[in-house]
Amino acid sequence: MSVSVESVTPASAPTAGVPVRLEGLRRRFGTTTALDGLDLDIAPGELVALLGPSGCGKTTALRIIAGFETADSGVLTMDGQDVTRIPAHRRDIGMVFQSYSLFPNMTAAQNVGYGLRVRKAPAAERDARAAELLDLVGLPGRGGHYPHQLSGGQQQRVALARALAARPRVLLLDEPLSALDAKVRLTLREEIRRIQLELGITTVFVTHDQEEALSMADRVAVMQNGRLEQCAAPAELYERPATPFVAEFVGTMNRLPGTLRAGGTVELFGRRLPVHGTVPDACAEDSEVDVLVRPEGLAVAAGTVAGAEGALATVRVATFLGATTRLHLTTGSGLQIKADLPSWEAGDLTAGTSCTLTPHDNPVLVAERAG
């Protein structure tokens, strides 16, 4: 729902994205620290997803951008203007909530045009803008329907159209797809991304769904304990995580026992691999560490492969996932490992098959040995 109080612009005017900057934002609730010096720069027209576990501070950050919460300290700017202490109704923000928050006694068109009515826009302009936006979100001809006559996905489209009606400078999305079923979520996230790109509006999207974040966002900001762990493009976040937390939180990760060696390498299953990122201070050369390896970073061959490299394992379960098959393996020492192979390579690796597990020569992260 838009909370702009700016004058209404003509229906044909484009939406222009503006930069948003969060600098040193801190927020406490009693003894709980929700944000602990959060810094984040969002470029004009960029879609940034805030991702992290429950209680990491992502929703608090969104509410501070919206003006629904006030930071204890720090600065929030939009288009270079300090809006830290400016109330919500003067920030020119559009917001879509998880619960839709449509007025049940208003039609879809009336819901979309409500913010314009509050701003005393002429009826003809409100009607034209509502029809334009309902068409944009894929609901042409549905303006006369009431919320109870629309599906959940259609109601959320109306909520999105309403948030865009007054052409806000920034669009905020607070887990808008979590109440929808899987097929509708997939369709609607593609539509939201299409609309966001078409309008070029700066967008901040809070979600707990990694797939949503990675598929929709220009960059994903991973948070933990009120701090930013890493903000990067989805591919970089997945392939080159900056910290062990990001590596294990985003996607699936194996923690495997290895030995730190000289020259920025680690030994895993008899093979030397380059280390990506910073080695923890507590990890000395030749010390035992945990090596973080994605399932697709492991090669699996049926039988025993000659040579010193590799670990012997047994396939417990082979799960067909379409183009990929995930193998759940157990080594002789009881180590549980996941490996992903192209399905055409995994045909002989059925449950009970003995195999050899070898890491690919990709840079890996290392962490202190757990437990």
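Q: What percentage of the 371 residues of the chain count as buried?
A: In this predicted model, 48% of the 371 residues count as buried. A residue is counted in this way if its relative accessible area is under 20%.

Q: What makes Asp92 a buried residue?
A: The relative accessible area of Asp92 is 7%. The cut-off is under 20%, and Asp92 is therefore classed as buried. Asp92 is located in the loop between β5 and β6 (93-96).

Q: Why is Phe269 called buried?
A: Phe269 has a relative accessible area of 15%. Because buried means under 20%, Phe269 qualifies. This residue belongs to the loop between β12 (265-268) and β13 (271-274).

Q: Why are helices α4 and α5 described as roughly parallel?
A: Two packed helices are described by the angle between their axes and the distance between the axes. For α4 (residues 152-164) and α5 (residues 182-199), the axes cross at roughly 15° and come within 11 Å. Angles under 35 degrees count as roughly parallel, so α4 and α5 receive that description. Their crossing is right-handed.

Q: Which residues make the contact between α4 and α5, and how many are nonpolar?
A: On α4, the contact involves Gly153, Gln156, Arg157, Leu160 and Leu164. On α5, it involves Val184, Thr187, Leu188, Glu191, Ile192, Ile195 and Leu199. By class, seven residues of this contact are nonpolar, three are polar and two are charged. Gly is counted among the polar residues, so Gly153 falls in that class.

Q: What makes β2 and β5 edge strands of the open sheet?
A: The open sheet has four strands in the order β2-β1-β4-β5, with antiparallel pairing. β2 (32-42) and β5 (81-82) each have a single partner strand, so one side of each lacks a neighbour in the sheet.

Notes: Residues are numbered from 1 along each chain as its sequence is written. This is a predicted model: local features need pLDDT of at least 70, side-chain atom pairs count only at pLDDT 80 or more; totals for chains, interfaces and linings use all residues. Side-chain values use heavy atoms; hydrogens and water are left out. Axes are lines fitted to C-alpha atoms, for helices over the stretch in contact, and angles run from 0 to 180 degrees between N-to-C directions. Helices (H or I, at least four residues) and strands (E, at least two) are DSSP runs, numbered from the N terminus. Angles under 35 degrees count as roughly parallel, over 145 as roughly antiparallel, 65 to 115 as roughly perpendicular and the rest as oblique. A crossing is left-handed if the near helix is turned anticlockwise from the far one by less than a right angle, and right-handed if clockwise. Contact means heavy atoms within 4.5 Å. Two strands pair if DSSP finds at least two bridges between them. Buried means under 20% relative accessible area, exposed over 50%, partly exposed in between (1.4 Å probe, protein chains only).
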